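Thanks for coming. I will go through one structure that some of you have not seen before, and I will keep to a few places in it.

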Amino acid sequence: MQLTAIADETRLVIANLAERATAVGTPTVRLGVTGLARAGKTVFIAALVHNLIHGGRLPLFKAYAGGRLAGARLEPQPDDDVPRFDYERHVKALVEERAWPASTSRISELRLTVAYESASLLTRTIGSGRLNIDIVDYPGEWLLDLPLMAKSYAEWSRDSLAAAEAPARRRSAAAWLARLKAVDATADEDESLARDLAAAFTAYLKAARSDDEVLSTQPPGRFLMPGDLERSPALTFAPLRLADGNLGPGGSLARMMARRYEAYKSAVVRPFFRDRFARLDRQIVLVDALSALNAGPAALADLESALADILSAFRLGRTNWLTGLVRRRIDRILFAATKADHLHHGDHDRLEAILGRIVGHAAGRAKFAGADVEVLALASVRATREADVTHRGETLPSIIGAPVAGETVDGRTFDGKTEIAMFPGDLPNDPESVLQPDAAPTEVRFVRFRPPKLERTAEGLALSLPHIRLDRALEFLLGDCLS
Ligand SMILES: Nc1nc2c(ncn2[C@@H]2O[C@H](COP(=O)(O)OP(=O)(O)OP(=O)(O)O)[C@@H](O)[C@H]2O)c(=O)[nH]1
Ligand SMILES: [Mg+2]
């Protein structure tokens, strides 16, 4: 452990030095974009880049609104071993097809280089500046693996079983737990049994997550979001019921599982944290709080606990080698509730307050000393407009949009072409009230809308994608780098 720690530290120092060296003249800021599945990562990055390249409306992004950004363009990314974020394809979907981009489920990266003029007279005389913004999109599920680094296979088995037996997960875990009953952990190792058990365990983790009631998220993160490792032996292991943590004699099933668990940690988890996560300077964590609100208090409680696990990756001041690595850089973290265009603007602050409450609870267990933290409600791509609709003499603040094909509202199924106006409902004023275990699901109606039709200029050029508060997010994440 000690030796690897030193080796990791050295590698990171070298990586940082190399980055600084190549960055002479062009400073680089690495922005991590994460969140659980479907939180809105791909849409956020596509919208951010599109707005900067195509001149979007970003009044709160000061460098840009002040006319100091001379241009933004895509450049080759620095890391050859990470897939490129497929910007062109995602934008084509959003702008031309008016369809949401496909799910991505792995890490990707994009370099955006901006030319700007400094706001201060002193630096301006030196000439205009350039900044590389390296955007890294990675599944939030992968952050759930950090606690595994400190756990032995026996401890992880024990914790996973306890989690599976909790009332909220008992139903999704039933088949796996039943399968496990017949297994003797100390018997001879058996590849096909190991595969069976890994498959049953993975099925449980996936079921627990897609359950309507709870959006439960348990490690290992790659079992939920395998990236390139789908079906690889590194993922062919599962917890076993061990008597007093006993792995049995050499050649036992439990010892085989333990070996693979350790291999997963050293070959998958550690490199991710060392080579990707530890090099981030800024981080945005996207949260689909609206879906959880819609599903009710159990889902919110689970979101909160998943966030707490994710946040522990940002925890500072602990003296294990890994947080020693992680501590070095991230100095701004933004938590953003996505898809705020599903609400009338009168409710955006309430959504922010609810996310603030969830993060606050979670953060109680993870301190961010040394990093600035902000909470925001945003829509990377605004799919709706607002209007007041009068219904039986009452004026309702409503939203207008085209539900995606197949979406059903009040028994009517839509074809993707028709627009509707609907009153989405209101969030409660008191964020605490939605977190009470006995709270009813909020009365917010959640309809999936198609991306908007873009306005065109007189010359027929499509304007950039509309958004809500994307500029505030940009100002917090990058504003100081362009001052
Ligand atoms: N109305 C609206 N819907 C959004 C917005 N952002 C995301 N969505 C919806 O959320 C879905 C998921 O967004 P993605 O950006 O693909 O989410 P992701 O986090 O990249 O998801 P994975 O790649 O599956 O991990 C989209 O298909 C949209 O339906 C937004 O700003 N407004
Ligand atoms: Mg994605």
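I330 sits in the loop that runs between helix 13 (321–327) and strand 6 (332–337). Helices here are DSSP runs of H or I with at least four residues, strands are runs of E with at least two, and both are numbered from the N terminus. This is a predicted model, in which local features need pLDDT of at least 70 and side-chain atom pairs count only at pLDDT 80 or more, while totals for chains, interfaces and linings use all residues. Residues are numbered from 1 along each chain as its sequence is written, chains are lettered from A and ligands numbered from 1 in the order in which they are written, and side-chain values use heavy atoms, with hydrogens and water left out.

Is I330 buried or exposed? I330 is buried, at a relative accessible area of 10%. Buried means under 20% relative accessible area, exposed means over 50%, and partly exposed is in between, with a 1.4 Å probe and protein chains only. I330 and D281 are 49 residues apart in sequence, and their C-alpha atoms are 4.2 Å apart in space.

Next, R279, in the loop between helix 10 (253–276) and strand 5 (282–287). R279 is buried too, with a relative accessible area of 8%. Its side chain makes a polar contact with the side chain of D79, at 3.3 Å. A polar contact is a pair of N or O atoms within 3.5 Å; within protein, one must be able to donate a hydrogen and the other to accept it, and residues adjacent in sequence count only if both atoms are side-chain atoms.

A299 belongs to helix 12 (residues 297–311) and is buried, at 0% relative accessibility. From A299 to L435 is 136 residues in sequence and 9.9 Å in space, C-alpha to C-alpha. In helix 16 (residues 470–478), eight of the nine residues are buried, so this helix is largely enclosed by the rest of the structure. Among the buried ones are L470, D471 and F476.
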